[in-house]
Amino acid sequence: MPRSLTAVDPDVAAAVADERERQESTLGMIASENHVSEAVLEAQGTALTNKYAEGYPGDRYYGGCEHVDEVERLAVQRAKELWGAEHVNVQPHSGTQANMAVYFAVLEPGDRILSLSLSHGGHLSHGHSVNFSGQLYEVEQYEVDPETGYLDYEALRERAEAFDPDLVVSGSSAYPREFDYERFREIADAVDAYHLADIAHVTGLVAAGVHANPVEHADFVTGSTHKTIRAGRGGIIMCGEEHADEVDSAVFPGAQGGPLLHNIAGKGVGFGEALEPAFEEYAARVVANAQAMADRLRERGLSLVSGGTDKHLLLVDLRESHPDLTGKAAERALQDVGVVVNKNTVPGETRSPMVTSGIRIGTPGVTTRGFAESEAERVADLVADVLDDPDDEAVAARASDTVDHLCQEYPVYD
């Protein structure tokens, strides 16, 4: 039992060490990723992983839960303070399972969901045909305006009135603009539907007050706890007290077994960090860095969906500036110089989701490293340089040198 990971399993230890080195030596700019603190890492690697605690604090199916009850209560209490929710469930293992629990709580198989199309920035768990949500429910999807890249709320209302959904979803994985949650509430009310706001990507921005808070406009708010909020990996559900029992029962025993208490500890620690004043400054800088990158990329001739961003991500549409360059090829060229982004579909996509015509770039991780707008602009320049000539070895060498310098100047962990 006292032996170290290296002694017990040198293969896994080597892979872990290699991954930590990869994170230190590259710029992680996938919009759904971030770097948690040493405190969150410590919380998640504790003896809490040994404990079964099916149920909820004070009402477990197992004995010996007095200390894990305190851990979960702290996470819930801090979440209520951050987002202003009446009821919070911190047990979902992921944002997708948080959405699953909401669907199970208020829908029956065959009920109707209206959500944003995946190719226009939506998410698999909002009703895509390859996901359980698209297989269990009848789904209609709305799209962004092809000319502006923005949502057209009047067209959305007309779509809702024609489709008559039971649940309307506001939320995305690659929509660069804020959602008007009050308009979504009005649309849902007009068709007597529930409103689910999925803030998976912007949980931290909402908590810090730099992005609109949907809690007062949505029946249910779901999210991830490891993206812009920088807490332990997993999901969260927020709702009013009138839906508390339905949601809790849908999570357990409906969709999950025992909660992952070490993850919940990581959530609680991250939530506590987000309550500190410094987190508001961090979240504001995430947005400022994304906007600085967007401005510089536009100056360099790249086309951005909706022309820019209101939050932590920007979506580059390569079809106009680089018609022969796919998102897949762009992702690989940037990864080769140490900038890690992901290929992404764009509105009106004609290529497959495994190839795509765009790339998604996010600033949460590099902002955690300490980047300000000047560093964001330097990265935008090297991204544009590489995309302009992905096969030029001299360009790649200069870009790699810049990445190496930035990584050394702004380490993830000391």
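**Close-up views of cavities, pockets and helices**

**Figure 1.** The second largest cavity has a volume of about 30 Å³. The model is predicted, and local features need pLDDT of at least 70, side-chain atom pairs count only at pLDDT 80 or more, and totals for chains, interfaces and linings use all residues. Residues are numbered from 1 along each chain as its sequence is written, and side-chain values use heavy atoms, with hydrogens and water left out. A cavity is a set of points, on a 1 Å grid over the protein atoms alone, where a 1.4 Å probe fits but cannot get out; lining residues have an atom within 4 Å of a point. Points are joined across faces, edges and corners, and a volume is the space filled by probe spheres set on them. Val90, Gln91, Pro92 and His93 line the second largest cavity, together with Arg233, Gly234, Leu260, Asn263, Ile264 and Lys267. This lining comprises four nonpolar, four polar and two charged residues (nonpolar: Ala, Val, Leu, Ile, Met, Phe, Trp, Tyr, Cys and Pro; charged: Asp, Glu, Lys and Arg; polar: the others, Gly among them).

**Figure 2.** The largest cavity holds about 60 Å³ of space. The count is two cavities of 30 Å³ or more. Of the 14 residues that line the largest cavity, Ser172, Phe179, Asp198, Val202 and Lys311 lie nearest its centre. Its lining divides by class into eight nonpolar, four polar and two charged residues.

**Figure 3.** A pocket is an open set of grid points with protein on both sides within 12 Å along at least five of seven lines. The lining of the largest pocket numbers 21 residues, and Gln23, Asn34, Val36, Leu41 and Tyr413 lie nearest the centre. Helix H2 (10–25) and helix H3 (38–44) are the elements that give two or more residues to this lining; helices (H or I, at least four residues) and strands (E, at least two) are DSSP runs, numbered from the N terminus. H2 gives the most, with five residues. By class, seven residues of the lining are nonpolar, nine are polar and five are charged.

**Figure 4.** The second largest pocket has a volume of about 520 Å³. Its lining has 24 residues, with Leu118, Leu124, Asn344, Thr345 and Pro353 nearest the centre. Strand E14 (residues 342–344) supplies the largest share of this lining, three residues. The classes represented are six nonpolar, 14 polar and four charged residues.

**Figure 5.** Helix H4 (residues 66–83) buries one face. The 18 residues of H4 reach 26 Å from the first C-alpha to the last, close to the 26 Å expected at 1.5 Å a residue (the expected span is 1.5 Å times one less than the number of residues). Val68, Asp69, Glu72, Ala75, Val76, Ala79, Leu82 and Trp83 of H4 are buried (buried: under 20% relative accessible area; exposed: over 50%; partly exposed: in between; 1.4 Å probe, protein chains only). These buried residues fall within an arc of 160° seen down the axis of H4, so they line one face of the helix; the arc is that of the directions from the helix axis to the C-beta atoms. The face turned away carries the exposed residues Glu66, His67, Gln77 and Glu81. The elements against which the buried residues of H4 pack include strand E4 (87–89), helix H9 (203–208), strand E10 (235–239) and helix H11 (261–274). Glycine 84 follows H4 and has a positive phi, near 70°.

**Figure 6.** Helix H11 is largely enclosed by the rest of the structure, because twelve of its 14 residues are buried. Among these buried residues are Leu261, Asn263, Ile264, Lys267 and Phe271. The cover over the buried residues of H11 includes H3, H4, E10 and helix H12 (277–299). The end C-alpha atoms of H11 are 20 Å apart, in agreement with the 20 Å that its 14 residues should span at 1.5 Å a residue.

**Figure 7.** Tyrosine 410 lies in the segment after helix H17 (393–409). Tyrosine 410 counts as buried, at 15% relative accessibility. Leaving aside neighbours within four places in sequence, tyrosine 410 is in contact (heavy atoms within 4.5 Å) with Arg369, Gly370, Phe371 and Glu375.

**Figure 8.** Backbone details are shown at proline 253, arginine 230 and serine 306. The peptide bond from phenylalanine 252 to proline 253 is cis, with omega near 10°, and proline 253 lies in helix H10 (residues 244–255). Arginine 230, in the loop between strand E9 (220–224) and E10, has a positive phi near 60° and is buried, with a relative accessible area of 19%. Serine 306 has a positive phi near 70° and sits in the loop between strand E11 (303–304) and strand E12 (313–317). Serine 306 is buried, with a relative accessible area of 11%.
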